[in-house]
Amino acid sequence: MKTLIILAHPNLEASRVNQRWKEELRQYPNDITVHELYKEYPDGNIDVPREQNLLEGYHHIILQFPLYWYSYPPLLKKWFDEVWTYGWAYGSKGDKLKGKRLGLAISIGDKQENYQPEGSVSFTVDEVIAPFKASAGHVGAVALPYFAVFGASFQASDEDINHSAKEYINYILKHQQ
C-alpha cells in the first residue's frame, strides 16, 4: 500500500529538516508519493478536483509541515478549506476520506520539554494538533499518532536530523497497514 505525503513548506530549500525528510522519502518511490503544495501551487490557486482525485487514490495520507505559530502553513490551511468540501469530505454524501489513515509529520522549532503544561508553550503537541484530530474525525478518517522532530530551528544537529529521517520512514511503514 502506497502512502501519499502532502508536503507543505513555504521555503523548503531553507529547511534542514523537511528537505532531509523529502530526500529520504524519495528513496521509496514504490511505497511513497510526495506531493509538494508550495511547488504545485506557487500562486496559491489550488486545483481542487485534482487534489480530491489524488486523495481518493490513497488510503494512507501524511501531512508534512513545519509548525507555524502552533498551527500549519497558510497554503495547507487554504488546501483544507478548499479541498475538504461539503459533499465530498463530509456531509450526508461526503465520504471520500472515510476510513483513510491520516497522520502528521511535523518539524517543531522549539525543544520538546517546552511542549508540556509546565513548559514555556504550556500545551502538549497533542493539544496543539487537536484541530487536525477533530477534522479527521469529522470526515471519518482515522487519525494516526503524530511524528515530530523538535529543535528544528536551531538545536537539532545534522546527526539528529538524519536519524529523524530514518525514524520518519519507519513511522510511515509502520502505519501503512
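Colleague: Which residues line the largest cavity?

Modeller: Rolling a probe the size of a water molecule over the atoms shows where empty space is left. On a 1 Å grid over the protein atoms alone, a cavity is a set of points where a 1.4 Å probe fits but cannot get out, and lining residues have an atom within 4 Å of a point. Here the largest cavity is lined by Leu55, Ile61, Trp84, Leu97, Lys100, Leu102 and Ala141. This is a predicted model: local features need pLDDT of at least 70, side-chain atom pairs count only at pLDDT 80 or more, and totals for chains, interfaces and linings use all residues. Residues are numbered from 1 along each chain as its sequence is written, and side-chain values use heavy atoms, with hydrogens and water left out.

Colleague: What volume has the largest cavity?

Modeller: Its volume is about 40 Å³, taken as the space filled by probe spheres set on the points, which are joined across faces, edges and corners. A search of the whole structure finds one cavity of 30 Å³ or more.

Colleague: Which residues have the most contacts inside the largest nonpolar core?

Modeller: In soluble globular proteins, nonpolar side chains tend to be buried together. A nonpolar core is a set of buried Ala, Val, Leu, Ile, Met, Phe, Trp, Tyr and Cys residues joined through side-chain atoms within 4.5 Å; buried means under 20% relative accessible area with a 1.4 Å probe, protein chains only. The largest such core has 38 residues, and Leu55, Leu63, Phe65, Leu76, Trp79 and Trp84 have the most contacts inside it. Helix H4 (74–83) is among the elements that give two or more residues to this core, and the largest share, five residues, comes from H4. Helices here are DSSP runs (H or I, at least four residues), numbered from the N terminus. Apart from this core lies another, of 21 residues, including Ile62 and Tyr168.

Colleague: Which residues does tryptophan 84 touch?

Modeller: Leaving out residues up to four places away in sequence, Trp84 touches Leu55, Trp79, Ala89, Tyr90, Leu97, Leu102, Ser135, Ala136 and Val139, where contact means heavy atoms within 4.5 Å.

Colleague: Which residues line the second largest pocket?

Modeller: A pocket is an open set of points with protein on both sides within 12 Å along at least five of seven lines. Tyr72, Lys77, Phe80, Asp81, Trp84, Tyr90, Pro131, Phe132, Ser135, His138 and Val139 line this one, and about 180 Å³ of space lies in it. H6 gives the most to the lining, with four residues.

Terms used. Buried means under 20% relative accessible area, exposed over 50%, partly exposed in between (1.4 Å probe, protein chains only).
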